[in-house]
Amino acid sequence: MPKSQKEEAIEFLKQMESFANTMKSSVGLPMIVDPKTNVAIWYDQRELTLKFMISVEKTRKFFESLSEGKLLATKCVKTGEILFPPQVDCPSSLDSEVEWVELPKDGELTTYTIITTKPFSFSHYNDYTVGIAKLSNGVQVLAWVRETDPKKLRIGMKVKLEIVKREPEGYLTYEFVPV
Amino acid sequence: MGRKVAVVGIGHSKFGIRNDVNIAELAWESIKQAFESANLEAKDVEYVSVSNVGGWSGEPLPAVVVSEYAGLTGKPLYRVEAACASGSSAVYNAYNAVSSGQVDIAMAVGVEKMNESPTPTVVEFIGRAGNYFWEFENFGLTFPGYYALYATAYMSKYGATEEDLCQVAIKNHYYASFNPKAQFQRKIDLPTCMNSRYIAWPLKLFDASPITDGSAAVILASEEVAKKITDSPVWIHSVGAASGSANLSKRNDFTGLEAASIAAKMAYKKAGLENENTAKYFDVAEVHDCFTIAEIMAYEDLGFVKRGEGYKLVKEGQTYIGGLIPVNLSGGLKAKGHPIGATGVSMVAELSKQLLNKADKGRQATIKNGRAIAHNVGGTGHYAYVTILGLDKPKD
């Protein structure tokens with residue numbers, strides 16, 4: 001089986017680390033000489049994991065409604081504007097009078113791409129399609145589209161939003177399914 | 001409108017994988033050249049604006065590190081960020097400092113060291129540049145992916161093909177082959193581009209700009225000071241700036257970048273130019289070709305041609321020297337390289353060289369109008385700057 005992009009990336013870093021360790025035991029420094037360019041590189045001895053704690057308190061209803069199979073947006077009471085991603089403040093009327101409304105599930109694909117070179121934290125997935133679709137009420141949503149064959153995708157095609165469990169992480173999110 | 005501002009010094013490092021230097025040494029390469037070309041020293045500079053996006057590189061406060069290394073400690077100092085348009089924002093920031101009368105001499109330095117992190121980490125950082133929580137966290141878009149959303153829509157609406165997109169890459173690699181500062185100094189042919197692998201369908205590896213380390217610097221001066229420093233100032237005629245929504249789902253159209261269009265109109269208005277059929281005003285342009293589709297949209301957002309006709313321009317060779325308007329004679333982001341924070345400064349340095357007939361052999365535009373235009377986009381139309389430069393002093 002070919003290696004996933006994640007495995008390749010991790011292998012690369014491990015290789016660099018083992019070079020650095022060899023150098024530390026021979027010359028006492030984590031200094032790697034790049035075989036391609038013959039220049040010296042310091043292999044950073046500090047490591048940082050980035051993991052953010054992001055507040056969803058004000059939009060908690062959106063996330064809690066996913067388990068009921070609903071996708072919600074906010075609507076500014078004064079202007080009638082529907083906001084997605086949901087936000088609880090209305091800059092155009094300078095107030096926070098919003099009501100939660102359910103989004104329709106049916107839409108048409110506005111545009112799409114199939115991601116083959118993935119970011120590090122997505123490199124364990126198979127290729128995936130990201131699309132933007134316009135729902136029947138005019139609101140646009142960006143999500144994965146459950147189809148990765150470009151021949152079976154086209155702008156204007158009908159899609160339906162589904163609440164799905166994203167694996168292997170095992171959390172609720174939404175995606176488009178071709179109708 | 002403020003005071004008139006001229007570019008009086010420029011510097012530009014070699015772009016590429018520059019692990020032979022650290023971030024300060026890399027910035028110094030450009031700063032030193034800028035000092036030399038303006039015949040100025042650190043003590044003359046009254047204001048410093050450093051553009052760097054970072055994340056992938058070690059120094060979290062790159063401006064102070066660069067400034068100390070270059071002997072600029074003590075000066076008013078800013079680190080500015082507008083994603084891939086950070087460089088233009090640094091130039092604009094320095095321009096405003098001079099134009100407003102706050103200072104007479106200001107410096108803009110763009111520097112980026114992307115190769116301090118492994119490629120997948122860099123792909124991750126750029127992919128997060130939009131609305132991280134709503135569009136990256138769950139859906140893992142990449143930078144090529146964002147532009148691919150535009151490519152799909154553009155190609156579907158106007159009938160442009162993957163071959164047409166590749167023509168941009170071929171042209172920019174051609175000119176990069178004459179640019180010793182470029183990351184890729186080699187020509188490519190259509191099969192090389194067409195046979196490269198998809199990175200974000202319909203975009204392929206050769207539709208994309210590379211991961212680059214590099215720096216560029218410009219020194220700006222007020223009219224009074226510029227007169228004393230140089231006989232050949234390049235004037236900043238105008239800058240237009242605009243922004244677009246963080247979430248791509250909030251955009252109405254995926255066949256052009258609205259922010260770039262707004263910035264262009266603003267720049268034309270300030271410079272007293274019409275905003276249609278604009279190619280005739282300029283001898284040369286540097287546009288933001290982070291992906292081939294981006295250059296095609298730039299032709300239209302800048303008003304060189306009507307909507308839907310951008311791909312025909314490159315297909316017909318009209319953006320080579322001798323055509324309607326030569327574009328990206330530096331090799332562009334595509335082949336010169338795209339060190340995110342340095343790109344916008346690099347564009348202004350490059351166009352100043354072009355206007356002064358100092359570009360390398362094989363890539364010098366014919367200077368007749370004495371006017372050039374830079375188009376620099378941050379993120380996916382999240383930020384946009386259009387800068388017009390000219391040999392004639394701007395009108396009052």
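The model is predicted: local features need pLDDT of at least 70, side-chain atom pairs count only at pLDDT 80 or more, and totals for chains, interfaces and linings use all residues. Residues are numbered from 1 along each chain as its sequence is written, and chains are lettered from A and ligands numbered from 1 in the order in which they are written.

Chain B holds 14 helices and 11 strands (DSSP runs numbered from the N terminus, H or I of at least four residues for helices and E of at least two for strands). Its radius of gyration is 19 Å, close to the 21 Å that the globule rule gives for 396 residues, so chain B is as compact as a globular protein of that length. The radius is taken over C-alpha atoms, and the rule is 2.2 Å times the number of residues to the power 0.38. The C-alpha trace spans about 55 × 45 × 40 Å along its principal axes. Among contacts between residues at least 6 apart in sequence, 78% join residues at least 24 apart. Two residues are in contact if their C-beta atoms, placed from the backbone, lie within 7 Å.

Helix α1 of chain B covers residues 23-38. At 1.5 Å a residue, its 16 residues should span 22 Å, and the end C-alpha atoms are 23 Å apart, which agrees. The expected span is 1.5 Å times one less than the number of residues. α1(B) is mostly covered, with 12 of its 16 residues buried. Among them are Trp28(B), Glu29(B), Ile31(B) and Phe35(B). The cover includes β1 (5-12), α2 (62-69), β4 (105-113), β7 (213-222) and α9 (223-229) of chain B. Just after the helix, Asn39(B) takes a positive phi of about 55 degrees.

The axes of α1(B) and α2(B) come within 9 Å and cross at roughly 60 degrees. Axes are lines fitted to C-alpha atoms, for helices over the stretch in contact, and angles run from 0 to 180 degrees between N-to-C directions. The two helices are therefore oblique to each other (angles under 35 degrees count as roughly parallel, over 145 as roughly antiparallel, 65 to 115 as roughly perpendicular and the rest as oblique). Ile23(B), Ala24(B), Ala27(B) and Trp28(B) of α1(B) make the contact with Pro62(B), Val65(B), Val66(B) and Tyr69(B) of α2(B).

Ile236(B) lies in strand β8 (residues 234-243). Ile236(B) is buried, with 26 other C-beta atoms within 10 Å. Its C-alpha atom is 5.9 Å from that of Val5(B), 231 residues apart along the chain. Beyond neighbours within four places in sequence, Ile236(B) contacts Val5(B), Val7(B), Tyr95(B), Thr387(B) and Leu389(B).

Tyr299(B) lies in helix α11 (residues 292-301). Tyr299(B) is also buried, with 29 other C-beta atoms within 10 Å. Leaving aside neighbours within four places in sequence, Tyr299(B) contacts Phe304(B), Val305(B), Gly310(B) and Leu313(B).

Contacts also link the chains: 33 residues of chain B touch 36 residues of chain A. On the chain B side, α4 (119-127), α5 (132-136), α6 (143-158) and β5 (198-201) each supply at least two residues. The largest share, 7 residues, comes from α6(B).

Definitions and conventions
Buried ≥ 20, exposed ≤ 12 C-beta atoms within 10 Å, placed from the backbone.
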